[in-house]
Every structure is written in C-alpha cells, then in structure tokens.
Amino acid sequence: FFRIAQILKETKPKAFLLENVKNLKGHDKGRTFKIIKETLEDLGYSIKTEILNSMIHGAMPQNRERIFIVGFLDKDKANKFEFPKEINLDKSFKNFLEKQPSGKYFYNGKPLHSRIKEQITSEDTVYQWRRKYVRENKKGVVPTLTANMGRGGHNVPIIKQGDKIRKLTPKECFNIQGFPKDFKLPPELSDSELYHQAGNSVTVPVVKRIAEEIKKVL
C-alpha cells in the first residue's frame, strides 16, 4: 500500500481506484484501514468505499465480495460519485464453460473420483474439494475464485457433466472473472500459475462499471 501511496504522491492523478479483500476494513481491529484512509486523505484525496459482489454488481456468476476504494482530489467530484447499483444476474456458469476441455481436468479414473462422486450429484451446482470434504455452493454460482487454487490443487471449483466430474479449467476461471473469451493465456505458464493469477484478478465487468462512474464525475 505504501508503494501505491508513493505513486499517488508523485503523480497526483485526479482519481484512483483500489481493490482488496472484503475483510480489509476489519483487519487488525480496523487499524489497517484507518492507516490507509488517513494516508490517502493526507495526500489530499476524498475517498469513498463500498463492498461489491461480482454476482450482483457485475452480473457474473461468481459469489465474490471485494472492497473498492475510490479517491478524488476534488471533494465535489467525490461527493457526486456513486458506486454502481445492483443488476440482475442473467447468466449461468454454464455460459462460460469450454466446449471441449482437455481430459486432464476430469477426475474419472483418478484416485480422488471415488472420494467425491457420491457428493457431486447435480449438473446445476458448483462444488469445491476442501482437502477432506466436498463443499456445495448453495447459490448455484461459482464460489470465490482464490489465488490458492493454484497452490496445492484444492479450492478449484468442480462441476458434473453427464457421468463425468471435472474441475474448471484455467480458461474458464478467467471467463468467470469477465475476461473476454478471445483473451489469450500465455502458453508458457503452468496451470497452477494460471489458476493463481485468475484468483488474484479482479472481475472485469465490476471494475468497468466503477470506472464508468468515475469517468462521469471527471
């Protein structure tokens, strides 16, 4: 964060947008966020914060809550700024799946299959393997994509297709983050690194909507 503050101090942009995990406000009993807020205000910025969910603010089938911090040098512009309103989710995770994923993503015939097959029963539900048990996402969307999807293999969302069970591919994870379908993933990167980067990314439509609101007041 202090590197970001240094950049803001040197370049003085009219506005900025920051994103972090939902729990940033409560971290260290609120002291972390207090320092962030005071540092930004000392640099001359008026800030607004909001927790937005990719599912209801980006119309993407992912239950992902993140805190967004918007700052303006002009206090009047900050007062005029409003975060995007909720919009209807009109897409299923199935709209973002690859037509012919590689066989390496399927669990059939692999040791884990026998441990999870009894619990993964619906084609309309997304599941996660949590090292020792299967967790079902009750909302019918993809659970939060996390950076540790690429660190040990657990947490990668799992789906059922016919009589087969598989995890989402890295490309599908980027699709569900709202990257355009023609977005090319670097072929030299391993799947674990791609999963890691997908989980670390932001949901593009959410950020786009915030950016449009910033543009309006500027």
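Leaving aside its neighbours within four places in sequence, which residues is Glu172 in contact with? With contact taken as heavy atoms within 4.5 Å, the partners of Glu172 are Phe96, Leu97, Glu98, Arg166 and Lys167. The description below starts from the whole chain and returns to this residue later.

The structure is a predicted model, in which local features need pLDDT of at least 70 and side-chain atom pairs count only at pLDDT 80 or more, while totals for chains, interfaces and linings use all residues. Residues are numbered from 1 along each chain as its sequence is written, and side-chain values use heavy atoms, with hydrogens and water left out.

The protein chain has eight helices and nine strands; helices (H or I, at least four residues) and strands (E, at least two) are DSSP runs, numbered from the N terminus. Along the principal axes, the C-alpha atoms of the protein chain fill a box of roughly 60 × 35 × 35 Å. Of its 218 residues, 43% count as buried, where buried means under 20% relative accessible area, exposed over 50%, and partly exposed in between (1.4 Å probe, protein chains only). The accessible surface of the protein chain comes to about 12,300 Å², and 50% of this belongs to carbon and sulfur atoms. These areas come from the Shrake-Rupley method with a 1.4 Å probe, and for residues only the protein chains shown count as cover. Among contacts in the protein chain with a separation of 6 or more, 70% are accounted for by residues 24 or more positions apart.

Phe2 counts as exposed because its relative accessibility is 57%. Together, Phe1, Phe2, Ile4 and Ile35 make a nonpolar surface patch of about 360 Å². Patches are made of residues with over 30% relative accessible area and no salt bridge, with like charges joined within 9 Å and nonpolar side chains (Val, Leu, Ile, Met, Phe, Trp, Tyr) within 5 Å. Lys14 has its place in the loop between α1 and β1 (15-21). With a relative accessible area of 64%, Lys14 is exposed. Not counting residues up to four places away in sequence, Lys14 touches Tyr45, Gly71, Phe72, Leu73 and Leu218. From Lys14 to Leu43 the distance is 12 Å, C-alpha to C-alpha, across 29 residues of sequence.

Charged pairs come next. Side chains of opposite charge can pair when their charged atoms come close. A salt bridge is here a side-chain nitrogen of Lys or Arg within 4 Å of a carboxyl oxygen of Asp or Glu, and by this rule the count comes to 13. One of them joins the side chains of Lys37 and Glu41 at 2.7 Å, N to O. Both residues lie in helix α2 (residues 31-42), four residues apart, about one turn of the helix. An α-helix has 3.6 residues a turn, so residues three or four places apart point the same way. Lys37 counts as partly exposed at 34% relative accessibility, and Glu41 is partly exposed at 35%. In another salt bridge, the closest N and O atoms of Lys77 and Asp74 are 3.5 Å apart. Lys77 is partly exposed at 24% relative accessibility, as is Asp74 at 32%.

Glu172, the residue of the opening question, is found in helix α6 (residues 170-176). The side chains of Glu172 and Arg166 meet in a salt bridge of 2.8 Å, N to O, and both residues are buried. For Glu172, the relative accessibility is 0%.

An open sheet of four strands has the order β6-β5-β8-β9, with antiparallel pairing. Its edges are β6 (134-136) and β9 (164-167), each with a single partner strand, so one side of each is left without a neighbour in the sheet. On average, neighbouring strands of this sheet are turned by 35° against each other, direction ignored; axes are lines fitted to C-alpha atoms, for helices over the stretch in contact, and angles run from 0 to 180 degrees between N-to-C directions. Strand β8 (residues 157-161) pairs with β9 in the antiparallel sense over four bridges, where pairing requires that DSSP finds at least two bridges between two strands. Gln161 has Lys164 in β9 as its bridge partner.

Helix α7 (residues 191-200) has Leu194, Tyr195, His196, Ala198 and Gly199 buried. The buried residues of α7 pack against β9 and α6.
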